[in-house]
Amino acid sequence: MIKIKGTADSMMRCIISEGMPAEELPAALGDIRLRGQRILRGAEVILDFGARKLDERLVSRILTDFVWPSEVRVVAWITYDAESQDNMKRAGFSTSEPVPATARAKLPGTAPSLVLERSLRSGQRVEHSGDVIIDGHVNDGAEVLSTGNITVLGRLNGLVHAGCEGDEGTIVIARSMEALQVRIGGRIGSLERGAQWWGKMVTVRVDDGSVLIDYWPALK
Amino acid sequence: MDSHVIVVTSGKGGVGKTTTTANLAAALARMGKKVVAIDGDVGLRNLDVIMGLENRIVYTLIDAIDGACRLRQALIKDKRLENLFMIPTAQSKTKDSVSAEQMVAVCDELRADFDYIIVDSPAGIEAGFKNAAAGVDEALVVTTPEVSAVRDADRIIGLLESMEKSPIRLIVNRIRPHMMEKGDMLGVADVLDILAIDLIGMVPEDESVVKSANAGEPLTISSDSPAARAFKNIAARLVGDNIPFMPVDSTSGNGNLFGRLKRVFGL
């Protein structure tokens, strides 16, 4: 199934369900193109594929069957599959959430928070200019990179990098801390398996140049 | 024929994919299903040895794909079980000798004749795995209760999900109950908590597995060892029987296993 939602910045977000077989996808997009001919022309569209892998065949079908004939302007190709992200970036496609003009005026370069209602598996990656909230687990081998703060409502096993463009005033919050490393700005904090914070709810921040981990709520 | 085409995969090597393939194929055949096991590990073939059919190989999957023989000629019929067949692969070729489209064609051709087509995948996430998984509908992910195997299984599950395979079910292999009880090994509930897919079976560590692999006789043909029973139970669950899980670990890190299984399976 493909859902179209309007965004605050008058873009259109095209959410392509992960369960849809790849061979049906170009036809489904073609159908949307025919039905939405008038609204689509010239529109700015975010194509959101979830964790779907984007291979060259799928991307070229989407370009020839949807993007070019419908005259939309694709502002982002969103996928959490790390390999697809790298391939798309190498080809010059934008893979990050666009920054709306309303947010740009307030905090330059910062997009609204990204709330992800899913767990990230090993090999999946989220990159975002702004805060990230993961409503799920970050498994071992998954990565979250954010220019802002990162909150993980589930278990944090993977790698998170808050303030990944250098902001060391950012924090990481995890409901169950089970990661061996946390990065904030240019700093790296290491943790040992079975350390006193292991499996606990924690906050991680940089204080005076060191990465500090603390229980949440803090012990008095 | 309404056939099930299943890939057995893991990401990490050495966790028991080939053993699982051989044992499930034999168990399903004993239940009266017509089964073919395909060795998808081009260049490193093993399934023929574990199934005890290596001396019967004339043509391989690669010969059939290259047009040197018909697919039917590469099928080896097991003499011990009426309904059991296997297709060996070539030891002298590499993973590049097969394409995903060719594997899809092979699986589709076999659908007409078999109830179960089980493809043994190579380790890794590259072309070999992708080819093995290309023509299948369902997946069985094998892992052991170790952190590295679980991480690789998680990666493979993500890839299988993006290839729209369904259902994707989990086998936890080589369980050592006494190590789990002492907390020296991940519990099954912990593994399920991380991987978040349905469990279809737990196989205990069992020396008879090594003996049977060396003897070329899958355990499920004649043995009644704990691992043989576990594989037979998995086969029964594959055909849709509601078989309760054998108790293996009662004390795992994240709480009660059976409470969790009840939730997962609605038992």
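## The eight-stranded sheet of chain B

In this predicted model, chain B holds an open sheet of eight strands. The strand order is E3-E4-E2-E5-E1-E6-E7-E8, and the pairing is mixed. Two strands form the edges: strand E3 (76-77) and strand E8 (198-204) of chain B. Each of these pairs on one side only.

Strand E6 (residues 138-143) of chain B has five of its six residues buried, so E6(B) is largely enclosed by the rest of the structure. Strand E1 (residues 4-9) of chain B runs parallel to E6(B), and four bridges join the two. Ile6(B) has Glu138(B) as its bridge partner in E6(B). Val7(B) stands opposite Ala139(B), also in E6(B). E6(B) also pairs with strand E7 (residues 168-175) of chain B, in the parallel sense, over five bridges. There, Val142(B) stands opposite Ile171(B) of E7(B).

## Helices packed on the sheet

What does H7(B) touch in the sheet? H7(B) packs against E1, E6 and E7 of chain B. The direction of H7(B) makes about 170° with that of E6(B). H9(B) packs on the sheet as well, touching E6, E7 and E8 of chain B. The direction of H9(B) makes about 150° with that of E7(B).

These helices also meet each other. The axes of helix H7 (residues 147-162) and helix H9 (residues 188-195) of chain B come within 10 Å and cross at roughly 35°. The crossing is right-handed. H7(B) contributes Val150(B), Ala153(B), Asp154(B) and Ile157(B) to the contact. H9(B) contributes Val191(B), Ile194(B) and Leu195(B). By class, the contact has six nonpolar residues, one charged and no polar.

Helix H1 (residues 17-30) and helix H12 (residues 226-238) of chain B form another crossing. Their axes come within 9 Å and cross at roughly 65°. This crossing of H1(B) and H12(B) is right-handed.

Which residues make the contact? From H1(B) come Asn23(B), Leu24(B), Ala27(B) and Leu28(B). From H12(B) come Phe231(B), Lys232(B), Ile234(B), Ala235(B) and Leu238(B). The contact of H1(B) with H12(B) divides into seven nonpolar residues, one polar and one charged.

## Chain A overall

Chain A has five helices and 15 strands. Its radius of gyration is 19 Å, close to the 17 Å that the globule rule gives for 220 residues, so chain A is as compact as a globular protein of that length. The C-alpha trace of chain A spans about 60 × 40 × 30 Å along its principal axes.

Of the 220 residues of chain A, 38% count as buried. Among chain A contacts between residues at least 6 apart in sequence, 34% join residues at least 24 apart.

## A five-stranded sheet in chain A

Five strands of chain A form an open sheet in the order E6-E8-E10-E12-E13, with mixed pairing. Strand E6 (125-128) and strand E13 (187-190) of chain A stand at the edges with a single partner strand each, so one side of each has no neighbour in the sheet. The twist averages 10° from one strand to the next.

Strand E8 (residues 143-146) and strand E10 (residues 159-162) of chain A pair in the parallel sense over three bridges. Leu145(A) has His161(A) as its bridge partner in E10(A).

## Where the chains meet

How many residues of chain A are in contact with chain B? There are 16, and they touch ten residues of chain B. On the chain A side, three are nonpolar, seven polar and six charged.

Most residues other than glycine have a negative phi, and most peptide bonds are trans. Some sites depart from this pattern. The peptide bond from Trp216(A) to Pro217(A) is cis, with omega near -5°. Pro217(A) lies in the segment after strand E15 (210-215) of chain A. The bond from Ser166(B) to Pro167(B) is also cis, with omega near -5°. Pro167(B) sits in the loop between H7 and E7 of chain B.

Glu71(A) has a positive phi, near 60°. Glu71(A) lies in the loop between helix H3 (56-70) and strand E4 (73-78) of chain A. Is Glu71(A) buried or exposed? Glu71(A) counts as exposed because it has 12 C-beta neighbours inside 10 Å. Ala196(B) has a positive phi too, near 50°. Ala196(B) lies in the loop between H9 and E8 of chain B. With 15 other C-beta atoms within 10 Å, Ala196(B) is partly exposed.

How values were computed
Residues are numbered from 1 along each chain as its sequence is written. Chains are lettered from A and ligands numbered from 1 in the order in which they are written. This is a predicted model: local features need pLDDT of at least 70, side-chain atom pairs count only at pLDDT 80 or more; totals for chains, interfaces and linings use all residues. Two residues are in contact if their C-beta atoms, placed from the backbone, lie within 7 Å. Ala, Val, Leu, Ile, Met, Phe, Trp, Tyr, Cys and Pro count as nonpolar, Asp, Glu, Lys and Arg as charged, and the others, Gly among them, as polar. Axes are lines fitted to C-alpha atoms, for helices over the stretch in contact, and angles run from 0 to 180 degrees between N-to-C directions. A crossing is left-handed if the near helix is turned anticlockwise from the far one by less than a right angle, and right-handed if clockwise. The radius of gyration is taken over C-alpha atoms; the globule rule is 2.2 Å times the number of residues to the power 0.38. A residue is buried if 20 or more other C-beta atoms lie within 10 Å of its own, exposed if 12 or fewer, and partly exposed in between; C-beta atoms are placed from the backbone. Two strands pair if DSSP finds at least two bridges between them.
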